[in-house]
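Colleague: I'm new to this one, so please take your time. How many salt bridges does the structure hold, and how are they placed?

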Amino acid sequence: MSLVAASLAAAPSGGEKLPAPHIEYGQLAPMLIVFGAAVAGVLVEAFVGRRTRYYVQVPLAAVGLVAGFAWTIALAARDKPFHAAAMGAIGVDGPTLFVQGTILVLALVSLLLIAERQQGHFTAQAAALPGTEAEQEAEQLATAAGITQTEVFPLMMFAVGGMLMFPASNDLLTMFVALEIMSLPLYLLCGLARRRRLLSQEAAVKYFLLGAFSSAFFLYGTALLYGYAGSVRLSDIADQLSKDAGSETLMLAGLALLSVGLLFKIGAVPFHMWKPDVYQGAPTPITALMASCTLVAAFGALMRVYYVGFETLKWDWRPFMWGVAILTMVAGAVIAITQTDLKRLLAYSSVAHAGFLLTGMIAVTRDGLAGTLFYLVAYGFTTVGAFAVITMVRDAGGEAAHLSRWAGLGKRSPVVAGVFAFFLLAFAGIPLTSGFTGKFAVFKAAVEGHATPLVVVGVLSSAVAAFFYVRVIVVMFFSEPEADGPTVVAGPATAAAVALGVTATVVLGVLPQPMLDLAGHAATQMFVR
């Protein structure tokens, strides 16, 4: 849409021939590759037999993600990655390439969980009503024939493509289109759980309705900002702010509504209520994808909007963000104490971590940006690994996500319990884990950015959060196992995802400097306008 608007604005008044628009496809290649893989996946669904689709879809998705990541590295290796591609609608710069690379790697690890056939995460027929004969027949047919539902792969690739486009958008209409491309497949994926079908469909409906409201806020805010600046491009809004010539009421109202849509996606308080319900009801591999990749993409977009469009207004939006960050850290840590379902517990943990990430963004410095980028990488790997462990602990009803079912797991399966305990300690920020390094980086930047009270709240919230992480560890190692306790089912793909999560959490905690340097280098190439 922004390309059409730009073309019309540049159109000559006479009858001379318009020059062909120059679009650098090489700058857009990571997104184009992922979208191309998604379209190819749709064609596979249409023309390839059900018995062989799985063996085509998984390699296709993996090749698309790997190729997109390789092209992202090639773009970042250039001397000057600053560029505004697609007639200025897409920004290619250091932070954007770092965020896109992180999304692609985390999506590849999440793909291992989604592709795991041993657990059978997805329903045999999404259209069948839960508990009906149609659902039972579809389940029996799929089990007898060894058929795996594969529409999840093109849906995932479309969502990942939207995630890549979201933080790169240089104008608000392009960002809105990316938001919808990212969100719509996720609404569908959340309702495809094989077990607890009603809970899964309820999660999908809640996510869709609340997501639609947040999108409406985003679009209404965009309209008000257009009324203020006469443009939806972030650089034009920034220029208008520097002139201080528009209506301040339109500008502040537009920014507030726009922020609602963005804060919803990161799960910041008070826009977080969808997270626990959706995380609990969605298939756990999809929860892992959302908890890692969606959070990274949303923070990338949030930083682009505030660092590019409203950087000169920081003394007006920083107090607002202070309040949001404090509420997010405190509410996420306190409410998590009352949770007995592990997926809901990790959902509120994600809320608290969104508040920690906001402390780095509020610094509005390059160190703050670098610390936030590092934190996104560290938290993403730990989150995928933690949800991968949850998929492995199963009983007759599927995943045993209730905390009481994990009693004595340290005696039944000490390796699995030890790995999960390690991930929980990383969430708590224990030294020699990636969580400690990430928190130290954002808190240090916040102190240097004169936000010391915010850091005090963050440290206290981390102490509160450590309580419920330790409580889970105590239940696993210091409680007697039940006679009918769950068993550990570890497929090769899930085991690989857990191993990658553990490796990244250890390396980023013990030897964080290379990744910190990479994040610092990306931060020196600030968002292009």
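Modeller: Let's settle one word before we start: a residue is buried under 20% relative accessible area, exposed over 50%, and partly exposed in between (1.4 Å probe, protein chains only). What you're looking at is a predicted model, where local features need pLDDT of at least 70, side-chain atom pairs count only at pLDDT 80 or more, and totals for chains, interfaces and linings use all residues. Residues are numbered from 1 along each chain as its sequence is written, and side-chain values use heavy atoms, with hydrogens and water left out.

Now the count: there are 8 salt bridges in the structure, each being a side-chain nitrogen of Lys or Arg within 4 Å of a carboxyl oxygen of Asp or Glu.

Start with arginine 405, which pairs with aspartate 395; the closest N and O atoms are 3.4 Å apart. Arginine 405 sits in the loop between strand 4 (398-399) and helix 16 (409-412), while aspartate 395 belongs to strand 3 (residues 393-395), so this bridge ties together parts that are 10 residues apart in sequence. Aspartate 395 has a relative accessible area of 29%, so aspartate 395 is partly exposed.

Next, look at arginine 53 and glutamate 45. Their closest N and O atoms are 3.4 Å apart, and the two form a salt bridge. Here both arginine 53 and glutamate 45 are buried.

Then turn to lysine 206 and glutamate 202, whose side chains meet in a salt bridge at 2.9 Å, N to O. Why are these two separated by about one helical turn? Because lysine 206 and glutamate 202 are 4 residues apart in helix 8 (residues 197-229). Lysine 206 counts as partly exposed because its relative accessibility is 30%. Glutamate 202 is at 38% relative accessibility, so glutamate 202 counts as partly exposed too.

Salt bridges link Glu202 and Lys206 in a network with Asp277 and Arg344. So when you find Lys206 and Glu202 in helix 8, look for Asp277 and Arg344 as the other members of the network.
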